[in-house]
Amino acid sequence: MNFVLRTIIGISVATAFLLIAGASYGQEWKHATALVGDVKYAEDFPNFEYVNPDAPKGGELSLSETGSFDTLNPILSKGEVATGLGLVFETLMTDAEDEIATQYGLLAEAIRYPDDFAWAEFRLRENARWHDGEPVTSEDVVWSFEKIIELNPNQKFYYQSVANVTALDERTVRFEFSEANNKELPHIAGQVTVLPKHWWDADGRSIEESTLEPPLGSGPYRIKDVNPGSQVTFERVEDYWGADLPVRVGKDNFGQITYTYFRDRNVEFEAFKASDVDYWFENQASRWATGYDFPAFNDGNITREELVNSSRARGILVGFVPNLRLEKFSDANVRRALNHAFDFETLNDTIFYQQYERVSSFFYGTPLAHAGVPEGRELEFLEAVRDQVPASVFETAYENPVNGGSQALRGNLRRAVQLFAEAGYQLREGQMVNAETGEPFTIEVLLNGPIIERVALPYAEDLRSIGVEMTVRTVEPSQYITRLRSRDFEMVYTGWAQSLSPGNEQAGYWGSAAADNEASRNFGGIKDEAVDALIQNVIFAEDRDELIAATRALDRVLMANQFVIPTYASQQDRIAYWNMMSHPAELPFYGIGFPQVWWYDQEKAEAQQ
């Protein structure tokens with residue numbers, strides 16, 4: 001029962017719902033919502049500027065994935081969900097890839113909320129339909145949200161500020177928030193994936209269980225075929241209800257999209273070379289530099305591009321993440337010592353072909369990354385936690401040690417030994433041991449597949465030279481995910497991609513409350529009161545300038561505590577694809593729009609035959 005009904009004594013149900021409506025009176029319905037500045041597109045816009053509204057429909061697209069899958073249920077935290085379900089299911093709102101943080105109506109035609117962001121209402125489109133012809137209703141939204149937070153701990157944490165969700169009528173749903181003045185809450189409410197209650201409740205199905213039965217959706221594609229664990233094929237819905245929406249025009253052009261799964265990334269690339277896979281995202285520098293000398297590429301049948309578009313939309317940090325739940329990683333000097341031993345510069349010379357840069361920020365490559373000495377509002381945020389953060393945050397920007405060459409490496413390894421000593425360790429007969437107990441300092445690093453072995457093994461050799469034994473354990477994706485979720489690791493190699501409008505998700509990345517949540521992305525188990533306070537500054541920033549200052553302050557403290565041994569990243573996306581597809585000449589500023597705004601090019605395809 002809605003909370004208003006529980007608190008109004010002696011008033012009829014009908015009157016109570018009139019009061020609910022009255023609470024919304026005077027609030028303007030909007031077709032879009034922006035966290036940064038104003039929305040770009042007016043209510044009557046025909047389509048996004050970065051699409052080709054006349055793109056042909058049809059053709060087949062073959063894509064690849066590494067690993068496997070065991071469920072088509074999109075909301076469970078357990079199991080490995082098949083890639084591509086976003087083609088089948090839809091959200092209330094959808095992003096524009098040429099704006100920082102703007103959402104336009106998808107299932108919902110409009111949104112409204114008060115000045116203090118205490119609630120948000122969404123009005124569903126009258127013609128929104130499931131693939132069986134049934135209407136998408138506000139009851140579906142309420143049920144979907146309740147099941148998502150019931151069955152997925154990560155989503156429950158993410159939506160912890162949603163106090164209540166109510167269907168006001170067939171097409172209007174209201175989200176009430178437990179805190180005011182958090183302007184991101186209406187935005188994240190629009191991200192809720194909506195599922196068909198009537199389908200999941202029928203024929204003995206249960207949303208609480210994994211399934212390989214193709215689920216009913218409302219999106220531009222439906223699942224055509226499933227080969228468990230190895231392949232999923234999606235087919236375009238010819239009578240898709242939303243085909244003419246401005247947010248859909250020029251998108252979803254391929255008639256069929258198939259994802260094939262591979263256990264080995266090298267085998268996956270061979271499939272691309274043989275035209276069994278049409279598109280390739282390159283994540284190995286040496287292959288990009290030397291691996292494209294084969295007939296199809298030399299004959300001009302494959303195009304390679306280096307794109308900066310999607311890099312503009314995100315900050316990224318990847319690296320070796322120590323499990324702070326273990327006592328041996330609790331001292332920041334130990335973590336700093338481990339960073340001094342990482343020789344990025346030699347790796348960049350020998351196996352990366354100078355294609356990467358060392359990462360020194362959790363918001364690398366964006367205006368949100370801290371730099372120089374803190375000042376202004378950023379300094380004010382840091383002053384509030386001065387006694388809880390390293391003194392260095394007030395003195396200089398974070399910088400990684402610079403290795404490369406035997407002399408530089410020797411100097412940094414000597415410094416690593418000193419830092420270990422400050423943390424209570426010493427070298428004894430070539431082993432780094434706890435000075436009190438004599439216990440050797442060892443590390444097992446967990447890798448998701450063999451790609452990073454080329455990075456981890458040289459790192460292990462350098463650590464061995466100062467008496468630290470690092471074991472590199474490579475496991476298959478399913479085991480990696482299981483161990484990551486259960487926090488069953490000493491060190492793991494992973495990363496975080498950041499949006500240009502950080503907010504509530506930061507609590508799930510670094511917040512103390514997320515440290516013991518298996519589904520959170522606080523992999524390392526950070527529990528730090530200063531970090532918690534700085535996260536709140538990000539979430540409740542009043543404007544863009546304050547958000548930037550708050551984010552830089554948070555970034556500065558995270559880096560100074562060395563919660564991650566950062567490795568490397570690139571400002572470019574390296575892609576290759578067979579010349580049977582095309583994309584708009586001007587891709588979206590903050591993305592590459594693949595595969596949504598690309599299309600099958602019949603003329604190009606015929607030219608290859």
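**Labels and their grounds**

Guide: In this predicted model, I351 touches A285, S286 and R454, leaving aside residues up to four places away in sequence. I351 lies in the loop between α11 (344–350) and β17 (357–358).

Visitor: Why is I351 called buried?

Guide: Buried means under 20% relative accessible area. I351 has a relative accessible area of 15%, so I351 is buried.

Visitor: What makes α17 and α18 roughly antiparallel?

Guide: Helix α17 (residues 529–539) and helix α18 (residues 544–560) pack at an angle of about 160 degrees, their axes 8 Å apart. Angles over 145 degrees count as roughly antiparallel, and α17 and α18 are therefore given that label. The crossing of α17 past α18 is left-handed.

Visitor: Which residues of α17 and α18 meet?

Guide: From α17, V531, L534, I535, N537 and V538 meet L547, A550, T551, A553, L554, V557 and L558 of α18. By class, this contact of α17 with α18 has 10 nonpolar, 2 polar and no charged residues.

Visitor: How many aromatic pairs are there, with ring centres within 6.5 Å as the rule?

Guide: The count is 48 aromatic pairs.

Visitor: Why is the pair of W199 and W200 edge-to-face?

Guide: Planes over 60 degrees apart count as edge-to-face. The ring planes of W199 and W200 are at 85 degrees, with the centres 5.0 Å apart, so the pair is edge-to-face. Both W199 and W200 are buried.

How values were computed
Residues are numbered from 1 along each chain as its sequence is written. This is a predicted model: local features need pLDDT of at least 70, side-chain atom pairs count only at pLDDT 80 or more; totals for chains, interfaces and linings use all residues. Side-chain values use heavy atoms; hydrogens and water are left out. Axes are lines fitted to C-alpha atoms, for helices over the stretch in contact, and angles run from 0 to 180 degrees between N-to-C directions. Helices (H or I, at least four residues) and strands (E, at least two) are DSSP runs, numbered from the N terminus. Angles under 35 degrees count as roughly parallel, over 145 as roughly antiparallel, 65 to 115 as roughly perpendicular and the rest as oblique. A crossing is left-handed if the near helix is turned anticlockwise from the far one by less than a right angle, and right-handed if clockwise. Contact means heavy atoms within 4.5 Å. Ala, Val, Leu, Ile, Met, Phe, Trp, Tyr, Cys and Pro count as nonpolar, Asp, Glu, Lys and Arg as charged, and the others, Gly among them, as polar. Buried means under 20% relative accessible area, exposed over 50%, partly exposed in between (1.4 Å probe, protein chains only). Rings of Phe, Tyr and Trp (its six-membered ring) pair if their centres lie within 6.5 Å; planes under 30 degrees apart count as stacked, over 60 as edge-to-face and the rest as tilted.
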